[in-house]
Amino acid sequence: MDWEQNPVNLCCNLGEILKQKGISALQLSKDLNHRRSTINDLINNKDISTKRIPAQLIARICSYLDITPNDLFTIIHTE
């Protein structure tokens, strides 16, 4: 596949999932004992293509929200 002509992006669905579950970013941050700024970056998809997201954080978010990484992230094909 020619990645130059068929780029893909990763989109984090955390904001929508938190809304559905009635959980705030602050509450998630406190319960996971993780920086709120990182949680907010995931919610807002800020610099997600260049940001390093610890696998441990992804695992904790998924466990806390009872979801899978496939629920948390979506791959978007851009043209």
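Tutor: In this predicted model, Leu42 belongs to helix H3, which spans residues 36-43. Leu42 has a relative accessible area of 2%, and because the limit for a buried residue is under 20%, Leu42 counts as buried. Once its neighbours within four places in sequence are set aside, the residues in contact with Leu42 are Cys12, Leu14, Ile48, Ile53, Leu57 and Ile61. Leu72 lies 30 residues from Leu42 along the chain, and the C-alpha atoms of these two residues are separated by 9.8 Å.

Two of the residues that Leu42 touches, Leu57 and Ile61, also take part in the contact between helices H2 and H4, where Leu57, Arg60, Ile61 and Tyr64 of H4 meet Gln27, Leu28, Asp31 and Leu32 of H2. Helix H2 (residues 25-32) packs against helix H4 (residues 55-65) at an angle of about 115°, and their axes are 11 Å apart, which makes H2 roughly perpendicular to H4. The crossing of H2 past H4 is right-handed.

The loops on either side of H3 remain to be described. Asn33 is placed in the loop between H2 and H3, whereas Asn45 lies in the loop between H3 and H4. For Asn33, phi is near 55°, a positive value in a residue other than glycine, and for Asn45 phi is likewise positive and near 55°. Asn33 counts as exposed, at 66% relative accessibility, while Asn45, with a relative accessible area of 26%, is partly exposed.

Definitions and conventions
Residues are numbered from 1 along each chain as its sequence is written. This is a predicted model: local features need pLDDT of at least 70, side-chain atom pairs count only at pLDDT 80 or more; totals for chains, interfaces and linings use all residues. Side-chain values use heavy atoms; hydrogens and water are left out. Helices (H or I, at least four residues) and strands (E, at least two) are DSSP runs, numbered from the N terminus. Buried means under 20% relative accessible area, exposed over 50%, partly exposed in between (1.4 Å probe, protein chains only). Contact means heavy atoms within 4.5 Å. Axes are lines fitted to C-alpha atoms, for helices over the stretch in contact, and angles run from 0 to 180 degrees between N-to-C directions. Angles under 35 degrees count as roughly parallel, over 145 as roughly antiparallel, 65 to 115 as roughly perpendicular and the rest as oblique. A crossing is left-handed if the near helix is turned anticlockwise from the far one by less than a right angle, and right-handed if clockwise.
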